[in-house]
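Dear colleague,

Please find below the structure that I am handing over to you. My notes on what was found in it follow directly after.

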Amino acid sequence: MATKQTEPVTVISLQKLSLETPEPQPKESKTFTVEDAVETIGFGRFHIALFLIMGSTGVFWLAGSLLIIGLASVVIPTIGWRWLIRIASIPGIILILAFKFIPESARFNVSTGNTQAALATLEHIAKMNRSVMPEGRLVEPILEKRGRFADLLDAKYLRTTLQIWVIWLGISFAYYGVILASAELLERDLVCGSRSESEVVVTVGDTEGSQSPCHCHMFAPSDYQTMIISTIGEIALNPFNILGINFLGRRLSLSITMGCTALFFLLLNICTSSAGLIGFLFMLRALVAANFNTIYIYTAEVYPTTMRALGMGTSGSLCRIGAMVAPFISQVLMSASFLGALCLFSSVCIVCAISAFTLPIETKGRALQQIK
């Protein structure tokens, strides 16, 4: 019986067969991240509104300070300080209402798994900017590791973190200290050639046992002028501060301004004229503002991306502690020992200057670190 011959199957024939009938490949869906969406949407009306609202908390803050001091010179002598507080609360209420128009961060929503809320935020921004969203599905970028508090105390950043905390606390202590000390100095009117401290003392209370010395008295128009001029000092040194941190570096620039702050605190004890006192307060306000600018920049630059927000947050907490301690020195200790309070402020600034000079990392010209 004849058998039917079959063609042998070779490697070449199998390759031809595979080329003729390719297997269907699953179509990959397009994806995009928050960063991709932000780049696609671009700059527009949303960012302008965000700049105006958020910028008002910083730059309009200075204008608000000047406005409040100006209002105080008119309102307090006429209708009283309670009306000044009511008027001063109006900008805060307006800001609270304005913040309601700012959506939650899309990056935060994605990091917490709330992708739909993040997508809604990005679509809202795209609509305001009259732009379009990228094609595909919103996904969260894969992060190998998130920042933890323990990372701040890691061997690589332990010394840097501790010194930064000391500097933040000291700068805040000096900043609010000079503001409160300014009012105390003007209340006591200790300018050389003016009325003596004993003339300023009055007694409060109806009974002999409740009588206690009080240095409070109404500010004169010249006192309000002094406060306004010294407040302007907070922006006076900004150009020099920018030049300093870019040419001298963050550490050296901060150590110089902190050392000068310590010096001007001691100069407040010198017998001087009214113009001299205004000059000292002006320079103090300018220097403490420069200190804040420099340490803020340094802290944001020294930590990698995974730890940056954590480093800024913990530093801000230490800053609040310094702000809480300052009134006890400027108001309480200064009443008991004027020179002692000034020496304490100056000593803290010297410690901060040394800490700034000995920081282990200089961030001038250093690229931002992405990972630890």
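Helix H11 spans residues 221-236, which is 16 residues. From its first C-alpha to its last it reaches 23 Å, close to the 22 Å expected at 1.5 Å a residue (the expected span is 1.5 Å times one less than the number of residues; helices are DSSP runs of H or I with at least four residues, numbered from the N terminus). Among the buried residues of H11 are Asp 223, Tyr 224, Thr 226 and Met 227 (buried means under 20% relative accessible area, exposed over 50%, and partly exposed in between, with a 1.4 Å probe and protein chains only). Seen down the axis of H11, the buried residues fall within an arc of 160°, so they line one face of the helix (the arc is that of the directions from the helix axis to the C-beta atoms).

The model is predicted: local features need pLDDT of at least 70, side-chain atom pairs count only at pLDDT 80 or more, and totals for chains, interfaces and linings use all residues. Residues are numbered from 1 along each chain as its sequence is written, and side-chain values use heavy atoms, leaving out hydrogens and water.

The structure also holds nine aromatic pairs (rings of Phe, Tyr and Trp, the last by its six-membered ring, pair if their centres lie within 6.5 Å; planes under 30 degrees apart count as stacked, over 60 as edge-to-face and the rest as tilted). The rings of Tyr 175 and Tyr 176 have centres 5.0 Å apart and planes at 90°, so this pair is edge-to-face. Tyr 175 is buried at 7% relative accessibility, whereas Tyr 176 is partly exposed at 33%.

Yours sincerely

Key:
Helices (H or I, at least four residues) and strands (E, at least two) are DSSP runs, numbered from the N terminus.
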